[in-house]
Amino acid sequence: MRILIAALLGAIAMFIWMAIAHTVTPLGTTGFSQIPNEGPVMSAMQTAMGDHAGLYFYPWVDPKDPKMSEQMVAAEKAGPHGLLVYNPAGQNLDADMMPMLVKEFAKQFVQALIAAWIASMIMGGFTTRWLAVTGMFVSSAIAVNVSYWNWYHFPLDFTLAAIIMEVVSGIVAGAAIAWWLGRGTA
C-alpha cells in the first residue's frame, strides 16, 4: 500500500506539472510549425491518402531490401523526406479531452508505480530516492527523444523541450515518491 500511495502522489505531481508545462509555458508547443500553403497540402493529402490513417515514413524504402541504405540516401538527396502522422477528416476527433487525460494519467501512474517500487528498495533517505527517481526519468527522456532527433530528424528545440518536460516530471514525481516512502522511517 505504501508503494501504491507513493505512486499515486508521484502521478498527481507529474500530471499537475505537465498541465502547467502545456498550458502556461511554451514547452508543449516548442518545435511545432504550420505547414506553408497548408490548404493545398491538406487537400492533396486528403485526395491521395483518403481514409488511410497511420504513421508514414517517406519516401518509402523497403527495409528488407539489401540496398536499403543506399536507396534511402539517394531518395533523401532527391527530394523531401520525413515522418507523417496522418488522420483523415473526422477520425480521432473528440472535443472532450477527458479520455486522453485519463490515458495520460494512467501512463503517468504506471511510470510512478515502477519508480516507487524501485525507490522503495533503495536504502537511504529522501535525497537518495529522489535522485534515483529523477535519474530514471532522465534516462527514459534521453532514450526516446534523442533517438527520434538522431534518426528521424525531429527538431532540436522540440527534442530539448520534450526532455525538459520529462526531466521535470521526474523531479516532481521523485520528490513526492521519496517524501512518502520516507515517512515514518526516521
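Mentor: Thr127 is found in helix α5. Please bear in mind that this is a predicted model.

Trainee: Why does Thr127 count as partly exposed?

Mentor: The relative accessibility of Thr127 is 46%. Buried means under 20% and exposed means over 50%. The value for Thr127 lies in between, so Thr127 counts as partly exposed.

Trainee: How far apart are the C-alpha atoms of Thr127 and Ser169?

Mentor: They are separated by 16 Å, and the two residues stand 42 residues apart along the chain.

Trainee: Val146 also lies in helix α5. Why is Val146 called partly exposed?

Mentor: Val146 has a relative accessible area of 31%.

Trainee: Why is Asn37 called exposed?

Mentor: The relative accessible area of Asn37 is 64%. Exposed means over 50%, so Asn37 is exposed. Asn37 is found in the loop between α1 (2–23) and α2 (38–49), and its phi, near 55°, is likewise positive in a residue other than glycine.

Trainee: Which kind of peptide bond joins Tyr58 and Pro59?

Mentor: The bond is cis, with omega about -5°. Pro59 has its place in the loop between β1 (54–58) and α3 (68–78).

Trainee: Which residues have the most contacts inside the largest nonpolar core?

Mentor: They are Ala6, Ala112, Val133, Phe137 and Ile177, in a core of 14 residues. The elements that give two or more residues to this core are α1, α4 (98–120), α5 and α6. A second, separate core has six residues, among them Trp17, Ala21, Leu27 and Met165.

Trainee: With which residues is Ile177 in contact, leaving aside its neighbours within four places in sequence?

Mentor: Ile177 is in contact with Ala6, Gly10, Ala112, Ala115, Ala116, Ala119 and Val133. Contact here means heavy atoms within 4.5 Å.

How values were computed. Residues are numbered from 1 along each chain as its sequence is written. This is a predicted model: local features need pLDDT of at least 70, side-chain atom pairs count only at pLDDT 80 or more; totals for chains, interfaces and linings use all residues. Side-chain values use heavy atoms; hydrogens and water are left out. Helices (H or I, at least four residues) and strands (E, at least two) are DSSP runs, numbered from the N terminus. Buried means under 20% relative accessible area, exposed over 50%, partly exposed in between (1.4 Å probe, protein chains only). A nonpolar core is a set of buried Ala, Val, Leu, Ile, Met, Phe, Trp, Tyr and Cys residues joined through side-chain atoms within 4.5 Å.
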